[in-house]
There are 2 protein chains.
Amino acid sequence: MSFVRATYYVETPLTLEAAAEALASEQSTGTFIAVPLETAELKARYRARIERIELIETRSRPTLPGSRPASGSYQCGFVELAFPLENMGCNLPTLMATLAGNLFELSELSAIRLVDLDLPDEFAQAYTGPRFGIQGTRDIAQVYDRPLIGTIIKPSVGLSPEQTAVVVRELVEAGIDFIKDDELMANPPHNPLPARARAVMRVIRDYADRTGKYVIYAFNISDRLEDMIRHIEILVEEGARCCMVSLNWVGIAAFDYLRRNCPLIIHGHRNGWGMMTRAPGLGMDFRAYQKIWRLAGVDHLHVNGLANKFWEPDDSVVRSIHDMLQPLFGGYFAMPVISSGQWGGQAPDTYRRCRTIDLLYLAGGGIFAHPHGVAAGIRAIREAWEAAVAGISLAEYAQTHPDLAAALHHFGTARRGR
Amino acid sequence: MSFVRATYYVETPLTLEAAAEALASEQSTGTFIAVPLETAELKARYRARIERIELIETRSRPTLPGSRPASGSYQCGFVELAFPLENMGCNLPTLMATLAGNLFELSELSAIRLVDLDLPDEFAQAYTGPRFGIQGTRDIAQVYDRPLIGTIIKPSVGLSPEQTAVVVRELVEAGIDFIKDDELMANPPHNPLPARARAVMRVIRDYADRTGKYVIYAFNISDRLEDMIRHIEILVEEGARCCMVSLNWVGIAAFDYLRRNCPLIIHGHRNGWGMMTRAPGLGMDFRAYQKIWRLAGVDHLHVNGLANKFWEPDDSVVRSIHDMLQPLFGGYFAMPVISSGQWGGQAPDTYRRCRTIDLLYLAGGGIFAHPHGVAAGIRAIREAWEAAVAGISLAEYAQTHPDLAAALHHFGTARRGR
């Protein structure tokens with residue numbers, strides 16, 4: 001018999017054992033009173049099992065409101081449950097209803113967070129994971145020996161298709177590997193996706209014809225399902241190889257459908273993720289989240305970046321990158337997307353702490369605001385990564401690399417420049 | 001020009017004005033450095049406008065981790081923004097990326113919560129709302145003068161299709177109006193949806209043929225898109241009129257597709273919602289959430305119940321019911337679904353505080369654990385609602401209604417029985 005295993009961080013005014021019982025019951029066979037067909041045999045087969053309980057500490061105040069009874073002592077720790085696969089089958093929305101459903105509402109808990117999950121092999125039969133992933137993306141970009149360097153079209157909104165193409169032309173001529181739409185920009189009246197695709201892909205095809213270098217552009221298709229399908233067809237016709245999806249707001253079922261019906265790389269944007277993770281006692285860890293989306297087949301997934309402009313500490317970002325580079329079902333690798341306030345200055349720490357170049361490294365201001373221009377901005381980031389991988393300090397490498405030197409001078413003083 | 005308006009609860013180590021600027025910038029034209037095509041004209045047209053800033057109080061400690069700079073003073077209050085509709089068009093996933101995207105990650109904020117939103121009429125052209133809603137559900141159930149009384153099949157998992165049908169037979173013979181699958185039960189190996197639909201609908205059709213009363217059964221179709229479509233076809237063939245969807249995990253795009261391609265009532269289960277709302281300084285209020293799902297076309301939407309077994313206080317539940325009964329685009333009414341620990345004892349307070357009978361009132365133990373049996377359990381709930389609407393106390397009404405008297409005796413002492 002196969003099981004789905006899930007680990008929760010739990011805080012409770014009860015004992016951890018009682019909290020684990022409440023969790024296991026609510027999310028499997030639970031009935032608050034015995035009902036006629038609820039036999040001991042049925043419970044033995046379908047009830048979630050408590051696999052592990054680990055007390056960490058006791059606190060004097062509840063993290064979340066609404067727990068009962070009021071108490072002066074709250075036990076905190078980890079609870080691991082095993083759910084029989086037979087309860088839900090290989091059905092992602094119902095897996096989520098089981099692992100991340102009503103349990104957040106339990107009054108027996110004053111903190112509840114899904115921190116990890118482990119799925120049985122049957123899920124790998126049903127969900128085949130990323131179509132392209134890291135290797136497929138590298139094969140299209142023809143970049144193997146360093147992170148892919150990318151950027152975001154800015155301003156986020158307001159540009160016409162033709163203006164977008166002007167920005168894209170500057171970027172591809174400057175040597176960029178990857179460009180993406182902003183998540184706020186999908187198919188608005190002032191920049192409809194079909195017109196943008198035509199204008200942008202003309203530039204990218206033209207550059208590829210002249211130089212042999214194909215720049216990947218992630219078009220944000222997030223929309224109604226039929227519009228996404230129609231836009232994918234247009235992208236394919238135009239020779240595009242990548243689309244972008246706002247994962248949380250397109251949702252799992254439509255994403256899974258796209259994965260199986262879309263021949264493009266799917267760049268996964270996690271906007272809205274902060275809502276699920278920023279309150280320490282609620283929601284879920286990225287470790288669990290990224291497994292769900294890799295299973296569903298995302299090819300790239302945003303992880304923030306070191307010294308970012310958002311709330312997330314570096315340790316959390318490093319853990320996210322590490323988690324994404326662990327195999328799932330022996331593979332299912334998706335490319336971590338580094339972004340937010342990046343300019344190359346973060347390359348040494350990122351490499352030192354993560355020991356990987358399998359990254360899509362996005363910079364906005366780090367490219368556009370380089371004092372020598374966009375091409376120099378891109379070169380400076382590449383140079384920063386060369387130095388990082390070679391174990392040479394940026395200051396030393398900058399002595400022979402003027403674009404890196406200019407970046408260090410311009411962004412390095414602020415240390416948080418973008 | 002049309003605008004999407006959104007109100008946020010915000011806490012910040014900066015001033016509320018600076019926090020509002022950060023929010024407006026990040027979620028519209030924002031670039032951290034000026035880029036060539038970011039003109040004043042473009043900003044004037046596409047930038048989110050700050051409509052209102054209301055300071056409530058100042059706190060000494062941040063609610064969420066990761067805000068900058070460290071401070072001894074955090075301003076709290078409301079910020080209302082207006083986003084030009086032209087930025088996103090009538091595109092629900094991109095609307096959400098705008099209203100509930102990266103903003104939760106801003107380091108300028110130490111609390112951030114979407115509390116309300118107001119959409120321009122253009123959205124009503126694109127999204128036509130509930131197909132059935134309150135009136136359509138009443139017309140199918142032929143129940144007009146009281147809440148619909150419903151229940152959930154328990155145990156949640158483990159029953160076979162035949163066992164499910166046995167429970168359903170008992171319930172329909174006992175006079176139930178509505179029955180639903182549990183959210184943990186969709187299409188598992190031990191109870192595949194097609195077999196369950198055949199077994200259950202045979203009972204419901206038979207009862208309708210004999211008595212003229214059609215009992216609505218909400219089959220949980222949450223699954224891959226193609227499986228949902230296939231299962232809807234089976235449900236239609238079997239004469240079913242309602243399906244259930246785990247809204248957060250099926251997701252907006254697939255749900256919207258179902259709304260336009262599914263002839264059934266869609267019963268919306270909000271499992272996972274606790275993750276979005278239970279931390280007071282993060283996520284969103286139900287007031288905003290229910291507008292999104294009514295726009296997308298949900299016919300029924302769970303709101304918890306008074307004196308529930310979960311964490312949510314009564315005031316919050318009352319506000320949810322109130323919000324759902326406010327018109328959206330002049331209508332778009334969906335039926336609030338009351339559940340969790342209900343037995344009829346909550347009817348007087350529910351009616352007194354909400355002044356409505358347009359509810360789907362679900363009870364589990366409140367029906368199955370009634371000392372005189374299931375039929376008496378259902379009658380007792382109806383009687384409790386008769387008393388509530390008539391303004392008669394349950395104790396007084398129970399003097400002439402023995403099933404209510406038994407319920408009062410059995411559940412009333414515990415006061416939180418189910």
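Okay, let's start in chain B, where E11(B) makes a salt bridge with R59(B), and the closest N and O atoms sit 3.7 Å apart. This is a predicted model, by the way, so keep that in mind for everything I show you. The E11(B)–R59(B) pair links distant parts of the chain: E11(B) is in strand β1, residues 3–12, while R59(B) is in strand β2, residues 49–59, and they are 48 residues apart.

So are these two buried or exposed? E11(B) comes out at 0% relative accessibility, so E11(B) counts as buried. R59(B) is at 33%, which makes R59(B) partly exposed. The cut-off for buried is under 20%, and exposed means over 50%, so 33% lands in between.

Now hop over to chain A. Here D177(A) pairs up with K213(A), with 2.7 Å between the closest N and O atoms. Again the pair links distant parts of the chain: D177(A) is in the loop between α6 (161–173) and β6 (178–180), and K213(A) is in the loop between α7 (193–211) and β7 (216–220). The two residues are 36 apart along chain A. Both D177(A) and K213(A) are buried.

Next, a salt bridge between E26(B) and K309(A), the closest N and O atoms being 3.1 Å apart. Where do these two residues lie? E26(B) is in helix α1 of chain B, residues 16–26, and K309(A) is in the loop between β11 (300–302) and α13 (314–324) of chain A, so this pair joins two chains. E26(B) has a relative accessible area of 12%, so E26(B) is buried. K309(A), at 13%, is buried too.

Last topic: how the two chains relate. If you rotate by 180°, with 0.0 Å of shift along the axis, chain B superposes on chain A with an RMSD of 0.0 Å. The two copies are therefore related as by a two-fold rotation axis. If you want to find that axis on the screen, look for G251(B): of the residues of chain B, its C-alpha comes closest to the axis, at 1.9 Å. And the same surface serves both copies, with 100% of the contact residues of chain B recurring in chain A.

Terms used
Residues numbered from 1 in each chain as written. Chains lettered and ligands numbered in written order. Predicted model: local features only at pLDDT ≥ 70, side-chain atom pairs only at ≥ 80, totals over all residues. Heavy atoms only, no water. Salt bridge = Lys/Arg side-chain N within 4 Å of Asp/Glu carboxyl O. Helix = DSSP H or I, 4+ residues; strand = E, 2+ residues; numbered from the N terminus. Buried < 20%, exposed > 50% of the residue type's maximum accessible area, 1.4 Å probe, protein only. Least-squares fit on C-alpha atoms with pLDDT ≥ 70 in both. Contact = heavy atoms within 4.5 Å.
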